[in-house]
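Dear colleague,

Please find below the sequence and structure for your review. The findings follow directly after it.

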Amino acid sequence: MIATLILTALAVWITAWLLPGITIEPWYVSIIVAVVMGLINALIKPCVKLLSLPINIVTLGLFSFVINALMVELCAWAVNGFEVSSFWWAMLFCLVLSLITWFLGTVFGKKIK
């Protein structure tokens, strides 16, 4: 569990470093972002996905990208030191974070949820 948290925080920090529309200052805020994102994904996201199921079916699942970006915006609102410039940066943050998390999980042999 601790290894997953550390790898996720590292992935968040690398993603923020790569994208100019995302700001994380100071560096340890990435650990807080990883925890808050985990809580949001566990508690709030399932309810939102269930409520948006009809539009998700109509868009063939593409509305999931919008939901992910909204969850990042919610995390940015909740965590001081984590700023997202716009909705589009939040969407790009989700995509890049997924790739970096996958890469780190592959390198370190850990499946990150």
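**Helix packing and buried faces**

In this predicted model, helix H1 (residues 2–18) packs with helix H2 (residues 29–43) at an angle of about 115°, and their axes are 8 Å apart. The two helices, H1 and H2, are therefore roughly perpendicular to each other, and their crossing is right-handed. On the H1 side, the contact is formed by Leu5, Thr8, Ala9, Val12 and Trp13, while H2 contributes Ser30, Ile31, Val33, Ala34 and Val35. Sorted by class, this contact of H1 with H2 comprises 8 nonpolar and 2 polar residues, with no charged residues.

Helix H5 (residues 63–78) has 16 residues, which should span 22 Å at 1.5 Å a residue; its end C-alpha atoms are 23 Å apart, which agrees. Buried in H5 are Ser64, Ile67, Ala69, Met71, Val72, Cys75 and Ala76. The elements covering these buried residues of H5 include H2, helix H3 (45–51), helix H4 (53–58), strand S2 (82–84) and helix H6 (87–108).

H6 itself has 22 residues and reaches 31 Å from its first C-alpha to its last, close to the 32 Å expected at 1.5 Å a residue. Its buried residues are Ala90, Met91, Phe93, Cys94, Val96, Leu97, Ile100, Thr101, Leu104 and Gly105. The buried residues of H6 pack against H1, strand S1 (22–24), H5 and S2. After H6 comes glycine 109, which has a positive phi near 65°.

With kind regards

Terms used
Residues numbered from 1 in each chain as written. Predicted model: local features only at pLDDT ≥ 70, side-chain atom pairs only at ≥ 80, totals over all residues. Heavy atoms only, no water. Axes fitted to C-alpha atoms, helices over the stretch in contact; angles between N-to-C directions. Helix = DSSP H or I, 4+ residues; strand = E, 2+ residues; numbered from the N terminus. Parallel < 35°, antiparallel > 145°, perpendicular 65-115°, else oblique. Left-handed = near helix turned anticlockwise from the far one by under 90°. Contact = heavy atoms within 4.5 Å. Nonpolar A, V, L, I, M, F, W, Y, C, P; charged D, E, K, R; others polar. Expected span 1.5 Å × (residues − 1). Buried < 20%, exposed > 50% of the residue type's maximum accessible area, 1.4 Å probe, protein only.
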